[in-house]
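Let's take a friendly walk through one protein model, a few features at a time. Keep the structure open beside you as you read.

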Amino acid sequence: MNQLRFHWGSALDDGQEKTAQKYASDVLDLDGAVDFTREADELGVDSLLMAQSFDLPDPLPIMGVFTHETRRLKFILAYRPGLLSPTLFTQVVNTLSWMSGGRVSLNVIAGISPAEQAYYGDFLPHDERYARAAEFLDVVHRFWRTPDTPFDYEGAHYRVRGARLGLGFHGGGRPEIYISGASAVAQANAVRYGDCWFRYADIPEAIVRSAEPVLRQGCRVGLRMQVLARETREEALTDLAAVVAGGDEKHRSWVAEFVEQGDSQAVKNSFRLAEEASHGWLDPVLYSGVVAYRGGPALCLAGSYAEVAEAVLAYKAAGVSEFIFSGWPARDEMRRFFTRVLPLVRALEQRELPEPVPGRQAV
């Protein structure tokens, strides 16, 4: 049986202050982050997404700490090509793979905002960033595909000569690769170079349409979204109202301006959906009211444990095979999902199994 996989967004503090307020991004509570990560390991989270943004600590050194503090948990490193050479980046990832026993995956993103990219000295427009990402992925795949063979590469964005590395990926092979984005070029990169195309949420009927060509070409599909699950729907709606209440309107205005200046189709699509729903419900369990404060990933599954589990299975039927969830507060929501919702999901998946043929032995 192909079970759904569930990842979680890493919280670089103890995860207890995640609301419609602005994040406190000017401090790093490393002890709290380690404690959060240890619990994720114990709960059975598949992987933690280590996001990359100007307003977050850099994920690379923190991953080195996390891999030492965990035993089973994997880590998805978000990375934007253009910041490091593909040779140095592969060397860093290979080193992390040995530090963790191979528990490293990649989430390759091309950036969502020209303004933010400019902070790092990157001034390429949208499609050229994806073209550069394709070259980048071409080079790193060569390192992992033939680690003992030096190679030359001549592209529009990267050039290497006699490139080789002494330390390969732990266990051979390469990391699992997730590629994000809603544009056609993002999908093309995912199919050609990745294992899974990750996109922001929408209703299941819309996911079917976007997922079909990707699945047909042998690439998996995943969703990045939020979740808020409680014992009853009434309790979920009460807590959801508390999350939205007291929103930082100055931060909301900043987010709106940031999105307006951006060129990410994924982010703009999430805001369009939220505006069309008047920042309300896209369907009975998909809520858009926090998108204005948190951007594209903030489309949220909200409802009872049973409702959320059934919604997850509806996405599976639409072609989705894995999720990166986050929540408010991050740690409490992670605990609820993996102890209360996940058992219901697994029970529903078990019902999907075909009935055994009478008189035949299982093999």
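## Helix H10

Helices (H or I, at least four residues) and strands (E, at least two) are DSSP runs, numbered from the N terminus. This is a predicted model, where local features need pLDDT of at least 70 and side-chain atom pairs count only at pLDDT 80 or more, while totals for chains, interfaces and linings use all residues. Residues are numbered from 1 along each chain as its sequence is written, and side-chain values use heavy atoms, leaving out hydrogens and water.

Which residues of H10 are buried? They are Ala266, Val267, Asn269, Ser270, Phe271, Leu273 and Ala274. Buried means under 20% relative accessible area, exposed over 50%, and partly exposed in between (1.4 Å probe, protein chains only). These buried residues pack against strand E8 (196–200), helix H9 (249–261), strand E10 (281–283) and helix H11 (291–294), where contact means heavy atoms within 4.5 Å.

## The loop after H10

Just after H10, Ser278 takes a positive phi of about 50°, although Ser278 is not a glycine. Ser278 is found in the loop between H10 and E10 and is exposed, with a relative accessible area of 62%.

His279 has its place in that loop between H10 and E10 too. Its phi is also positive, near 55°, in a residue other than glycine. At 23% relative accessibility, His279 counts as partly exposed.

E5 pairs with strand E6 (residues 159–163) in the antiparallel sense over three bridges; two strands pair if DSSP finds at least two bridges between them.

How many residues lie between E5 and E6 in their hairpin? There are four. Glu154 stands opposite Arg159 in E6.

## A cis peptide bond

Finally, look at Trp328 and Pro329, which are joined by a cis peptide bond with omega of about -15°. Pro329 sits in the loop between strand E13 (322–326) and helix H13 (330–351).
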